[in-house]
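Me: I'd like to go through this one and check what the labels rest on. Can you give me the cut-off whenever you use a term?

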Amino acid sequence: MDHDPKETVLVVEDEPTLLETLEYNLTRQGYRVVTATDGVMAVEQARRERPDVIILDIMLPKMDGFEVCRTLRKEMNVPILMLTARDEEIDKVVGLEVGADDYMTKPFSMRELMARVKALLRRVRLIREDMAAATAPEPERLVFGDLTLDLSRGEVRLGERPVPLKPKEYDLLVFLARNRGMVLSRDLILERVWGWDFAGGTRTVDVHVRWLRKKIEADPANPTRIVTVRGMGYRFEG
Ligand code: CA
């Protein structure tokens with residue numbers, strides 16, 4: 001199992017055999033499965049269970065799949081995979097118009113359906129992770145071997161020894177460290193650390209890198225933390 005076992009799938013299907021098959025296979029894949037056998041029940045279940053994905057048949061008693069989809073779209077952002085027995089292009093178009101994320105025509109292979117469900121869930125997870133990353137609090141310290149950047153106190157230490165840095169050296173080091181592993185051009189560094197209104201040239205960056213190296217590199221002449229990427233800029237290695 002390579003997914004969160006708590007992920008809930010709502011299966012809406014009025015054909016008992018198909019419903020049972022879907023439930024069985026999804027459960028075996030490690031999903032929590034809730035079911036509904038008509039459109040009204042589907043909306044109720046979705047509101048109550050807040051599923052991570054919905055597999056929704058189109059031809060349903062009481063309220064059809066299109067109507068269910070339209071209703072739920074206004075209330076929640078759950079991915080919906082629509083199923084239909086009719087192989088008609090019109091269904092596909094309407095299905096996408098009412099807000100379905102994916103669409104399968106019966107009969108379908110169970111393996112294909114599982115792959116589609118997985119893909120929809122992966123998409124949701126990526127969006128959630130993005131949102132979590134965007135709202136995550138900034139870490140209080142960045143640690144690279146014996147080098148510690150204590151961001152809450154604005155201090156840098158090598159082992160236990162504090163490293164005295166000028167404000168711009170500190171800003172530069174923090175910027176490099178936050179973008180560890182990325183090649184950063186002198187122009188970008190200048191813009192982010194010194195700002196647009198800075199009158200000096202990119203030479204300023206080189207000078208500050210040299211000063212930083214003297215303070216944090218074991219051998220400033222052969223730097224391993226802040227490396228020069230010829231013709232490109234600098235990369236912080238950690
Ligand atoms: Ca049906």
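Me: What is leucine 149 in contact with, leaving aside neighbours within four places in sequence?
Reply: Contact means heavy atoms within 4.5 Å. By that test, leucine 149 touches Glu140, Arg141, Leu142, Phe144, Glu155, Val156, Leu173, Val174 and Ala177, leaving aside its neighbours within four places in sequence. Bear in mind that this is a predicted model, where local features need pLDDT of at least 70 and side-chain atom pairs count only at pLDDT 80 or more, while totals for chains, interfaces and linings use all residues. Residues are numbered from 1 along each chain as its sequence is written, and side-chain values use heavy atoms, with hydrogens and water left out.

Me: What makes a set of residues a nonpolar core, and which members of the largest one touch the most others?
Reply: The members have to be buried Ala, Val, Leu, Ile, Met, Phe, Trp, Tyr or Cys, joined through side-chain atoms within 4.5 Å. The largest such set has 27 residues, and Leu147, Leu149, Leu172, Leu176, Ile189, Ile226 and Phe236 touch the most other members. Two or more residues each come from β6, β7, β8, α6, α7, α8 and β12. The largest share, 7 residues, belongs to α6. There is also a second, separate core of 22 residues, with Val34, Leu60, Val68 and Tyr103 among them.

Me: Why is glutamate 169 called buried?
Reply: Buried means under 20% relative accessible area, exposed means over 50%, and partly exposed is in between (1.4 Å probe, protein chains only). Glutamate 169 comes in at 1%, so it is buried. It sits in helix α6, and leaving aside neighbours within four places in sequence, it is in contact with Pro164, His208, Trp211, Leu212 and Lys215. Over the protein, buried residues make up 45% of the 238.

Me: How do you know which residues are the calcium donors?
Reply: Donors are N, O and S atoms within 2.8 Å of the metal, or 3.2 Å for Na, K and Ca; water is not among the atoms, so sites may look incomplete. Asp14 (OD), Asp57 (OD) and Met59 (O) lie 2.0 to 2.3 Å from the calcium ion, and these are its protein donors. Their spacing along the chain is D-x42-D-x1-M. The two aspartates link distant parts of the chain, 43 residues apart: aspartate 14 in the loop between β1 and α1, aspartate 57 in strand β3.

Me: Are those two buried or exposed?
Reply: Aspartate 57 has a relative accessible area of 2%, so it is buried. Aspartate 14 has 34%, so it is partly exposed.

Me: What makes lysine 62 stand out in its backbone?
Reply: Its phi is positive, about 75°, although lysine 62 is not a glycine. The residue is in the loop between β3 and α3, and its 71% relative accessibility makes it exposed. Arginine 50 also has a positive phi, near 45°; it lies in the loop between α2 and β3, and its 48% makes it partly exposed.

Me: Why is the peptide bond from lysine 106 to proline 107 called cis?
Reply: Its omega is near -5°. Proline 107 is in the loop between β5 and α5.

Me: What makes a pocket a pocket, and what lines the largest one?
Reply: On a 1 Å grid over the protein atoms alone, a pocket is an open set of points where a 1.4 Å probe fits, with protein on both sides within 12 Å along at least five of seven lines; lining residues have an atom within 4 Å of a point. Here 15 residues line the largest pocket, and Asn77, Val78, Pro79, Val124 and Arg128 lie nearest its centre. Helix α5 gives the largest share, 6 residues. The pocket holds about 340 Å³ of space, the volume being the space filled by probe spheres set on the points.

Key
Helix = DSSP H or I, 4+ residues; strand = E, 2+ residues; numbered from the N terminus.
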